[in-house]
Amino acid sequence: MPLRPALATAAGAALFLLLAAPSAPADSDAPTEPEETVSVGTKTPMAADGTITVSGTYRCIDSTGPTFVSASIGQKDSTTRYAIGGTLAECDGKQHRWENKSKAPADATLKHGRANVEVTVVELRPVDGLGGLPLPHFHAVVKKDITLSKPKA
(Lines give C-alpha, C1' and ligand atoms only; values in the text may rest on other atoms or scores of the structure.)
Protein backbone atom coordinates (compact mmCIF):
# COMPACT_ATOMS: atom_id res chain seq x y z
CA MET A 1 0.00 0.00 0.00
CA PRO A 2 1.42 3.46 -0.85
CA LEU A 3 2.56 5.51 2.16
CA ARG A 4 0.02 8.35 1.99
CA PRO A 5 -3.12 6.18 2.00
CA ALA A 6 -1.59 4.09 4.80
CA LEU A 7 -0.92 7.19 6.92
CA ALA A 8 -4.42 8.53 6.22
CA THR A 9 -5.94 5.20 7.25
CA ALA A 10 -3.82 5.10 10.41
CA ALA A 11 -4.75 8.67 11.34
CA GLY A 12 -8.44 7.95 10.72
CA ALA A 13 -8.30 4.83 12.88
CA ALA A 14 -6.57 6.72 15.70
CA LEU A 15 -9.17 9.50 15.53
CA PHE A 16 -12.00 6.94 15.63
CA LEU A 17 -10.47 5.26 18.69
CA LEU A 18 -10.09 8.60 20.48
CA LEU A 19 -13.71 9.56 19.81
CA ALA A 20 -15.05 6.13 20.77
CA ALA A 21 -13.11 5.83 24.05
CA PRO A 22 -15.18 6.47 27.18
CA SER A 23 -14.01 9.28 29.41
CA ALA A 24 -12.82 8.49 32.90
CA PRO A 25 -15.07 9.64 35.76
CA ALA A 26 -13.80 12.57 37.79
CA ASP A 27 -12.59 11.73 41.28
CA SER A 28 -12.26 14.74 43.56
CA ASP A 29 -10.03 12.77 45.99
CA ALA A 30 -7.50 11.83 43.32
CA PRO A 31 -4.30 13.89 43.16
CA THR A 32 -4.26 16.28 40.25
CA GLU A 33 -1.74 15.68 37.49
CA PRO A 34 0.57 18.56 36.62
CA GLU A 35 -0.86 20.54 33.77
CA GLU A 36 0.90 20.21 30.41
CA THR A 37 1.96 23.67 29.25
CA VAL A 38 4.26 25.52 26.91
CA SER A 39 5.17 29.22 26.97
CA VAL A 40 7.16 31.59 24.77
CA GLY A 41 8.76 34.95 25.49
CA THR A 42 7.24 38.13 24.04
CA LYS A 43 10.52 39.50 22.67
CA THR A 44 12.30 37.29 20.16
CA PRO A 45 15.73 38.35 18.87
CA MET A 46 16.39 38.28 15.12
CA ALA A 47 20.03 38.88 14.16
CA ALA A 48 21.13 40.77 11.04
CA ASP A 49 21.86 37.44 9.30
CA GLY A 50 18.24 36.31 9.88
CA THR A 51 18.95 33.98 12.83
CA ILE A 52 15.91 33.87 15.11
CA THR A 53 16.03 32.64 18.72
CA VAL A 54 12.73 31.59 20.32
CA SER A 55 12.60 30.42 23.94
CA GLY A 56 10.30 29.71 26.85
CA THR A 57 9.26 26.91 29.21
CA TYR A 58 7.32 23.67 28.89
CA ARG A 59 5.91 20.93 31.09
CA CYS A 60 4.62 17.56 29.86
CA ILE A 61 3.92 14.08 31.24
CA ASP A 62 3.59 10.49 30.09
CA SER A 63 5.53 10.32 26.84
CA THR A 64 6.41 6.94 25.37
CA GLY A 65 8.00 8.14 22.15
CA PRO A 66 10.39 10.92 21.17
CA THR A 67 8.95 14.31 22.14
CA PHE A 68 9.93 17.72 20.78
CA VAL A 69 9.27 21.42 21.32
CA SER A 70 8.84 22.91 17.85
CA ALA A 71 8.19 26.51 16.85
CA SER A 72 7.12 28.41 13.76
CA ILE A 73 6.89 32.13 13.08
CA GLY A 74 5.01 34.36 10.65
CA GLN A 75 4.13 38.01 10.13
CA LYS A 76 1.14 40.10 9.13
CA ASP A 77 -1.65 38.32 7.29
CA SER A 78 0.78 36.06 5.43
CA THR A 79 0.02 32.37 5.33
CA THR A 80 3.76 31.66 5.11
CA ARG A 81 5.30 30.34 8.32
CA TYR A 82 8.95 29.56 9.00
CA ALA A 83 10.08 26.67 11.19
CA ILE A 84 12.40 27.67 14.02
CA GLY A 85 14.21 24.49 15.03
CA GLY A 86 13.19 21.76 17.42
CA THR A 87 14.31 20.76 20.89
CA LEU A 88 14.10 17.32 22.45
CA ALA A 89 11.66 17.45 25.39
CA GLU A 90 11.69 15.50 28.64
CA CYS A 91 8.17 14.70 29.84
CA ASP A 92 8.73 14.14 33.54
CA GLY A 93 6.08 16.56 34.87
CA LYS A 94 8.69 19.19 35.75
CA GLN A 95 9.01 22.60 34.15
CA HIS A 96 11.93 22.90 31.72
CA ARG A 97 13.41 25.74 29.65
CA TRP A 98 13.65 25.35 25.89
CA GLU A 99 15.32 27.36 23.14
CA ASN A 100 15.11 26.95 19.38
CA LYS A 101 17.40 28.80 17.02
CA SER A 102 17.25 28.83 13.24
CA LYS A 103 18.22 31.04 10.33
CA ALA A 104 15.30 32.20 8.19
CA PRO A 105 15.56 31.30 4.48
CA ALA A 106 17.20 33.89 2.21
CA ASP A 107 13.84 34.66 0.56
CA ALA A 108 12.06 35.15 3.92
CA THR A 109 10.18 38.42 4.30
CA LEU A 110 10.57 38.57 8.09
CA LYS A 111 11.35 42.01 9.50
CA HIS A 112 11.86 43.40 13.00
CA GLY A 113 8.50 44.22 14.57
CA ARG A 114 5.23 42.39 15.24
CA ALA A 115 5.04 38.68 14.49
CA ASN A 116 3.22 35.61 15.72
CA VAL A 117 4.72 32.40 17.03
CA GLU A 118 3.20 28.95 17.42
CA VAL A 119 4.96 26.55 19.77
CA THR A 120 3.99 22.89 20.09
CA VAL A 121 5.10 20.08 22.39
CA VAL A 122 4.52 17.04 20.18
CA GLU A 123 5.32 13.38 20.74
CA LEU A 124 5.76 10.74 18.06
CA ARG A 125 3.83 8.03 19.92
CA PRO A 126 3.99 4.46 18.54
CA VAL A 127 0.59 2.83 18.05
CA ASP A 128 0.53 -0.92 18.79
CA GLY A 129 -2.43 -1.73 16.56
CA LEU A 130 -0.68 -0.11 13.61
CA GLY A 131 2.57 -2.06 13.85
CA GLY A 132 4.26 0.62 15.96
CA LEU A 133 3.67 3.37 13.38
CA PRO A 134 4.34 6.63 15.23
CA LEU A 135 1.50 9.14 15.18
CA PRO A 136 1.68 12.69 16.57
CA HIS A 137 0.33 13.25 20.07
CA PHE A 138 0.10 16.91 21.09
CA HIS A 139 0.92 17.66 24.74
CA ALA A 140 0.65 21.48 24.62
CA VAL A 141 0.27 24.30 22.08
CA VAL A 142 0.52 28.07 22.37
CA LYS A 143 -0.03 30.77 19.75
CA LYS A 144 1.23 34.19 20.73
CA ASP A 145 1.88 37.62 19.26
CA ILE A 146 5.50 38.60 19.86
CA THR A 147 8.01 41.24 18.79
CA LEU A 148 10.96 40.36 16.57
CA SER A 149 13.66 42.55 18.06
CA LYS A 150 17.29 43.32 17.39
CA PRO A 151 19.62 41.26 19.62
CA LYS A 152 20.97 42.96 22.73
CA ALA A 153 24.44 44.35 22.12
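**A pocket and its strand**

Q: How many nonpolar, polar and charged residues does the lining of the second largest pocket have?
A: Charged here means Asp, Glu, Lys and Arg; nonpolar means Ala, Val, Leu, Ile, Met, Phe, Trp, Tyr, Cys and Pro; the others, Gly among them, are polar. By these classes, the lining has 4 charged, 7 polar and 3 nonpolar residues.

Q: Which residues are the closest to the centre of the second largest pocket?
A: The model is predicted: local features need pLDDT of at least 70 and side-chain atom pairs 80 or more, while totals for chains, interfaces and linings use all residues. Residues are numbered from 1 along each chain, and side-chain values use heavy atoms, without hydrogens or water. The second largest pocket holds about 220 Å³ of space. Of its 14 lining residues, the closest to the centre are Gly74, Gln75, Lys76, Arg114 and Ala115.

Q: Is leucine 124 buried, partly exposed or exposed?
A: Leucine 124 lies in strand E7, which covers residues 113-127. Buried means under 20% relative accessible area and exposed means over 50%, with partly exposed in between (1.4 Å probe, protein chains only). Because its relative accessible area is 36%, leucine 124 is partly exposed.

Q: What share of the chain do buried residues make up?
A: Let's step back to the whole chain. It has 153 residues, and the buried ones make up 33%.

Definitions and conventions
Helices (H or I, at least four residues) and strands (E, at least two) are DSSP runs, numbered from the N terminus. On a 1 Å grid over the protein atoms alone, a cavity is a set of points where a 1.4 Å probe fits but cannot get out, and a pocket is an open set with protein on both sides within 12 Å along at least five of seven lines; lining residues have an atom within 4 Å of a point. Grid points are joined across faces, edges and corners, and a volume is the space filled by probe spheres set on the points.
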